[in-house]
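This note is meant for a colleague who meets the structure for the first time. Please read the points below with the sequence and the model in view.

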Amino acid sequence: MKLLRYGQPGAEKPGILDADGKIRDLSAHVDDLAGGVLTAAGLQKIAALDLTTLPLATGTERIGPCVARTGKFICVGLNYADHAAETGAKIPEEPILFMKATSAITGPNDNVIIPRKSKKTDWEVELGVVIGDEARYVSEDDAMKHVAGFCLINDVSEREFQSERGGQWTKGKSADSFGPIGPWLVTRDEVADPQNLKMWLTVDGVSRQNGSTKTMIFGVRFLVHYISQFMSLQPGDIISTGTPPGVGLGMKPPVFLHAGQTIRLGIEGLGEQTQLTVDAA
Ligand code: ZN
C-alpha cells in the first residue's frame with residue numbers, strides 16, 4: 001500500500017493511493033497515519049478495505065508528511081562507504097546515530113527554509129524506515145517485523161552548524177523544514193529488497209546524487225536490531241538510514257544551497273520530492 005497524508009499543514013487527512021493512482025480518503029476508517037494505525041494489526045485493517053468504496057480525496061494540492069506524531073527521528077551518519085570517503089571520514093565500526101528534531105518534519109514538496117546565518121545548507125537523499133510495532137531488543141531475524149514501511153527523506157543539513165559549532169550534529173540537522181518525508185509511506189510488503197533501491201537527487205536540474213541502497217554499510221535489518229538495543233522504537237518513529245555520495249560538502253570546492261533553488265529527489269518505488277529553497281523570515 002501507498003499511504004499518505006494530504007491537506008494544509010496541521011490539518012492533513014489520511015489517504016491511500018488506489019489502483020489508478022488516485023488518492024482515496026481514509027479518514028472514515030483511521031484518525032491518522034500514526035501510532036497503532038501503523039502496527040501490523042492496524043495496517044491489516046486498511047489492507048482489508050475495498051478502496052473503490054472510499055471517497056476520492058479533495059484538497060490534495062498539498063501532500064503532507066506521510067507519518068504523523070513521530071516521536072523520534074533517528075538518523076544514521078556516514079552509512080555509505082563512498083559517502084564516508086567523500087567527507088574524509090573513516091568507515092564507522094558501529095552505526096553512528098544522531099537525532100533530528102521532529103519539528104523539522106515537513107511535506108515532501110514544502111519549501112526548504114535556509115536558516116538565518118546559514119552558510120552551508122546541504123542536501124542528502126535517504127531511505128527512511130517507519131516503525132510499525134514497538135521494537136525493544138529485537139534480533140536481526142525479527143527486525144523487519146517491526147517495520148511498517150519505507151519513505152523517501154531529504155536529510156537537509158547545515159554543515160557549519162553540524163560540525164563547526166561544537167557538540168553533536170543535532171544543531172545542523174534540526175531546523176524547521178530540514179526533514180521532508182514522503183510522498184508515501186510504502187508498506188514493507190511492496191518493497192521487495194530495501195537494499196537494492198536506486199536513489200537520486202538533482203539541484204536546479206544538475207545531477208548531484210546517484211546511488212543505490214546497495215552500498216549501505218549497515219542495512220535496514222541490522223539498524224532496527226542495533227538501535228533497539230539502545231532505545232525502544234515506537235510506532236511512527238523514523239530511521240533515516242544515511243546518504244550516498246554527492247552531497248555539496250563533498251564537492252571540490254564545496255557547493256551549498258541558496259534561496260531560489262529547486263531540489264528534486266527520488267528513490268525507486270518510493271516516489272519523488274520537489275522543494276524550493278527560501279530564506280528564513
Ligand atoms: Zn543523513
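Which spacing do the donors of the zinc ion follow along the chain?

1. Zinc site. The donors are spaced as E-x1-E-x28-D. E124 (OE), E126 (OE) and D155 (OD) coordinate the zinc ion at 1.8 to 2.0 Å. Donors here are N, O and S atoms within 2.8 Å of the metal (3.2 Å for Na, K and Ca); water is not among the atoms, so sites may look incomplete.

2. Basis of the values. The model is predicted: local features need pLDDT of at least 70, side-chain atom pairs count only at pLDDT 80 or more, and totals for chains, interfaces and linings use all residues. Residues are numbered from 1 along each chain as its sequence is written, and side-chain values use heavy atoms, with hydrogens and water left out.

3. The nine-stranded sheet. Nine strands form an open sheet of mixed pairing, in the order β3-β2-β1-β13-β10-β9-β16-β4-β5. Helices (H or I, at least four residues) and strands (E, at least two) are DSSP runs numbered from the N terminus, and two strands pair if DSSP finds at least two bridges between them. β3 (23-25) and β5 (96-99) stand at the edges with a single partner strand each, so one side of each has no neighbour in the sheet. From one strand to the next, the twist averages 30°; axes are lines fitted to C-alpha atoms, for helices over the stretch in contact, and angles run from 0 to 180 degrees between N-to-C directions. Strands β10 (residues 147-154) and β13 (residues 185-187) run antiparallel and are joined by two bridges; T187 in β13 is the bridge partner of G149.

4. The five-stranded sheet. A further open sheet has five strands in the order β7-β18-β17-β14-β15, again with mixed pairing. Its edges are β7 and β15 (206-212), each with a single partner strand, so one side of each is left without a neighbour in the sheet. Within it, β14 and β17 pair in the antiparallel sense over five bridges, and W200 has G266 in β17 as its bridge partner.

5. Helix α4. This helix (residues 220-227) lies across β4 (73-77), β5, β9 (125-131), β10 and β16 (238-240), at about 55° to β9. Six of its eight residues are buried, so α4 is largely enclosed by the rest of the structure. The buried residues are V220, L223, V224, H225, Y226 and I227.

6. Nonpolar cores. A nonpolar core is a set of buried Ala, Val, Leu, Ile, Met, Phe, Trp, Tyr and Cys residues joined through side-chain atoms within 4.5 Å. The largest has 47 residues, and L127, F150, V224, L233, I239 and I267 have the most contacts inside it. Helix α4 gives the largest share of this core, five residues. Domain 1 (2-53) and domain 2 (73-279) both contribute residues, so this core lies between them; the domain bounds come from an automatic or database domain assignment. Apart from it lies another core of 24 residues, including V30, L43, F73 and F98.

Key:
Contact means heavy atoms within 4.5 Å. Buried means under 20% relative accessible area, exposed over 50%, partly exposed in between (1.4 Å probe, protein chains only).
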